[in-house]
Amino acid sequence: MKLEVCIDSYDSMISAVVAGADRVEICSALDLDGLTPSVGLVRMCEPYDIEKYVMIRPRPGHFTYDGLELAQMKEEIMAFKDMKIHGFVFGVLDADGKIDIETMKELVYLAYPKSVAFHRAFDYSIGGEDQVEDLIKMGVERILTSGKKPKAIDGLDLIRDLQEKYGDKIEIMAGSGINSSNIKEIYEKTGIESFHMSARDYYQTETSYNNFGGAFSDYSYAVGIEIEMAREVLDSL
């Protein structure tokens, strides 16, 4: 059983490690569903003995990128490639909403020998479930999916089908809305053994000043007890 946590701060990296996560997806801007993180954050995470994957996503929004955006993604892969990480997380769709196989091949080749996971662009794709073999052939090792539903608990049928068809060739990982109260049900109904969660918790940083004529609030994310609870559930299965 593997539990992956997406993080966008050094504090949340420490919390994920302490809480027992097996792997982290290092991002920035989790409120935008994750963008490419800073070099500084990844550098600070390097010493920890945990699987580390870096998100490569140049902007929020859809997953069809123009030439300049793809050039940026390639530069970002090269910037992180020699760091102490295990791999990358990215996904590209074409203008028709299908997985852009040729562009994915370019990026996977560039990332080698680092591993590659295909993120939830899969859930926004048209017919992506019929292109899984192409991802396997190019060397993608993992697909993150909610079963093409807003929450994984509502997409169990597709997650189960993907696991039954491809689970012996590629890791199928459930994500979106995963928590300690539903992780056992998802496991029992799909047979998957990999789970992705953020377990976000908002907290307000205390400040001693009042800015712009009103209350100044700085919100961050933390992971903690929910990860520990989910880990306990997985360990009991």
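1. In this predicted model, eight strands form a closed barrel in the order β1-β2-β3-β4-β5-β6-β7-β8, and their pairing is parallel. From one strand to the next, the twist averages 25°.

2. The pairing of β1 (residues 2–7) with β2 (residues 23–26) is parallel and comprises four bridges. Within this pair, isoleucine 7 has isoleucine 26 of β2 as its bridge partner.

3. Helix α1 (residues 10–19) lies across β1, β2 and β3 and runs at about 165° to β1. Helix α7 (residues 156–166) lies across β6 (142–145) and β7 (171–175), at about 165° to β7.

4. Helix α3 (residues 67–81) has 15 residues, which at 1.5 Å a residue should span 21 Å; the C-alpha atoms at its ends are 21 Å apart, so expectation and model agree. At its N-terminal end the helix is capped by aspartate 66, of which a side-chain oxygen lies 3.1 Å from the backbone nitrogen of leucine 68.

5. Which residues of α3 are buried? They are Glu69, Leu70, Met73, Glu76, Ile77, Phe80 and Lys81. Because these buried residues fall within an arc of 130° when seen down the axis of α3, they line one face of the helix. An α-helix has 3.6 residues a turn, so residues three or four places apart point the same way.

6. The buried residues of α3 are covered by elements including α2 (39–45), β3 (51–55), β4 (87–90) and α4 (101–111). On the face turned away from the buried side, α3 carries the exposed residues Gly67, Leu68 and Glu75.

Conventions
Residues are numbered from 1 along each chain as its sequence is written. This is a predicted model: local features need pLDDT of at least 70, side-chain atom pairs count only at pLDDT 80 or more; totals for chains, interfaces and linings use all residues. Side-chain values use heavy atoms; hydrogens and water are left out. Helices (H or I, at least four residues) and strands (E, at least two) are DSSP runs, numbered from the N terminus. The expected span of a helix is 1.5 Å times one less than its number of residues. Buried means under 20% relative accessible area, exposed over 50%, partly exposed in between (1.4 Å probe, protein chains only). The arc is that of the directions from the helix axis to the C-beta atoms. Contact means heavy atoms within 4.5 Å. A polar contact is a pair of N or O atoms within 3.5 Å; within protein, one must be able to donate a hydrogen and the other to accept it, and residues adjacent in sequence count only if both atoms are side-chain atoms. Two strands pair if DSSP finds at least two bridges between them. Axes are lines fitted to C-alpha atoms, for helices over the stretch in contact, and angles run from 0 to 180 degrees between N-to-C directions.
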